[in-house]
Amino acid sequence: MAIRERAIELKTLDQLRLMREAGLILSSALDAVIAQARVGITTAELNDVFAEQLAQAGATSNFLGYYGYPATICTSVNDQVVHGIPDDRALEDGDVVSIDGGAIVRAASGGKGWHADSARTVIVGTADPADVELSELTEAALWRGIAAMATAGARRGRVGEIGDAIDDFVTERAGSKFGIIEDYTGHGIGTAMHMDPDVLNYRSRHRGPKLRPGMALAIEPLLVRGKIATHTLADEWTVVTNDHQRAAHWEHSVALHEGGIWVLTALDGGAEKLAPFGVQPVAF
Ligand code: MF3
Ligand code: CO
């Protein structure tokens with residue numbers, strides 16, 4: 001048991017501005033990948049689209065080379081939950097594909113790079129309505145979690161409130177129809193992609209540290225149509241559900257500052273998607 005909270009990197013506004021730059025580059029690179037996602041394209045081709053976008057924008061990849069990871073995005077298809085490696089697999093009608101990407105931006109003066117991390121799920125061709133429901137609920141759960149970061153952050157509540165909100169929301173909307181993966185969590189982000197604290201997507205007695213201005217969190221619920229048990233394939237990356245039911249993944253990197261929250265990886269800072277939850281993001 002920890003006797004004190006581990007140090008969490010608190011960012012200055014100028015540092016958050018560099019993360020915002022990375023977030024905007026990442027958001028438009030994901031737009032480009034989603035625009036190309038269709039039946040017949042390979043996941044390796046989607047990786048090339050993303051890599052080209054980052055290069056054109058002058059950003060670098062935080063995924064490539066991460067513990068030896070061989071690509072700039074993760075493409076997780078159907079029963080692949082997360083960390084699928086792009087390859088020559090061609091997408092088929094009705095495939096559920098989560099695209100997870102990241103970017104690093106460095107100040108002109110040099111210094112450490114600043115990270116962004118975001119994921120979206122797309123269904124190519126003719127979608128099974130149950131898959132649409134899965135992906136839409138996962139995205140809504142992400143926004144519910146971001147809204148909780150705003151309301152809890154305003155009163156210096158704890159990171160655990162994000163997971164409470166996601167968990168309760170999924171149960172209210174869908175009962176036990178969908179499962180929330182517990183093997184993988186969101187995380188702090190800043191001068192590295194994965195930093196403290198862990199950001200759980202479910203209710204836990206571990207309440208986490210207090211939310212403080214300068215924190216940046218990647219919130220990333222993973223929902224499945226079946227049971228939440230997973231295993232990793234022999235490639236040591238690709239995570240699949242044991243029951244081979246399908247999964248969806250949505251993720252944003254979000255900053256908390258004195259004025260409120262701002263979704264770094266959303267073009268409008270999250271304004272449109274947070275409105276239904278009564279939260280207005282604030283630029284810095
Ligand atoms: N964005 C992913 C996450 O936080 C990290 C991918 S690590 C990589 O879950 F090595 F696969 F790129
Ligand atoms: Co992440």
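Here is a short tour of a predicted protein model, from its overall build down to a few single residues.

## Ground rules

This is a predicted model, and local features need pLDDT of at least 70, side-chain atom pairs count only at pLDDT 80 or more, and totals for chains, interfaces and linings use all residues. Residues are numbered from 1 along each chain as its sequence is written, chains are lettered from A and ligands numbered from 1 in the order in which they are written, and side-chain values use heavy atoms, with hydrogens and water left out.

## The overall build

Let's start with the whole chain. Its secondary structure comes to five helices and 14 strands; helices (H or I, at least four residues) and strands (E, at least two) are DSSP runs, numbered from the N terminus. The radius of gyration is 18 Å, close to the 19 Å that the globule rule gives for 284 residues, so the chain is as compact as a globular protein of that length. (That radius is taken over C-alpha atoms, and the globule rule is 2.2 Å times the number of residues to the power 0.38.) Along the principal axes, the C-alpha atoms fill a box of roughly 45 × 45 × 40 Å.

Of the 284 residues, 54% count as buried, where buried means under 20% relative accessible area, exposed over 50%, and partly exposed in between (1.4 Å probe, protein chains only). The chain exposes about 12300 Å², and carbon and sulfur atoms supply 50% of that area. These areas come from the Shrake-Rupley method with a 1.4 Å probe; for residues, only the protein chains shown count as cover. Among contacts with a separation of 6 or more, 70% come from residues 24 or more positions apart; a contact means heavy atoms within 4.5 Å.

## A pocket and a cavity

Both kinds of space are found on a 1 Å grid over the protein atoms alone: a cavity is a set of points where a 1.4 Å probe fits but cannot get out, and a pocket is an open set with protein on both sides within 12 Å along at least five of seven lines, while lining residues have an atom within 4 Å of a point. Grid points are joined across faces, edges and corners, and a volume is the space filled by probe spheres set on the points. The second largest pocket has a volume of about 350 Å³. It is lined by 20 residues, and His-83, Tyr-184, His-187, His-194 and Glu-220 lie nearest its centre. By class, the lining has nine nonpolar, five polar and six charged residues (Ala, Val, Leu, Ile, Met, Phe, Trp, Tyr, Cys and Pro count as nonpolar, Asp, Glu, Lys and Arg as charged, and the others, Gly among them, as polar).

There is one cavity of 30 Å³ or more, and the largest cavity holds about 30 Å³ of space. Six nonpolar, one polar and three charged residues line it. Strand E7 (residues 195-199) gives the largest share of that lining, three residues. Asp-196 and Pro-197 are both among the lining residues, and a cis peptide bond joins this pair, with omega about 0°.

Most residues other than glycine have a negative phi, and most peptide bonds are trans. His-83 has a positive phi of about 65° although it is not a glycine. You'll find His-83 in the loop between strand E2 (80-82) and strand E3 (96-107), partly exposed at a relative accessible area of 22%.

Glu-236 also has a positive phi, near 70°. It sits in the loop between strand E10 (230-232) and strand E11 (239-241) and is exposed, with a relative accessible area of 68%. Its C-alpha atom is 9.7 Å from that of Tyr-69, 167 residues apart along the chain.

## Two threonines in loops

Thr-238 lies in the loop between E10 and E11 and is buried, with a relative accessible area of 3%. Beyond residues up to four places away in sequence, it touches several others, including His-83, Ile-85 and His-231. Gln-80 is 158 residues from Thr-238 in sequence, but 6.6 Å away in space, C-alpha to C-alpha.

Thr-42 is in the loop between helix H1 (13-36) and helix H2 (43-57). Thr-42 is buried too, at 14% relative accessible area. Leaving aside neighbours within four places in sequence, Thr-42 is in contact with Asp-87, Asp-88, Arg-89 and Ala-90.
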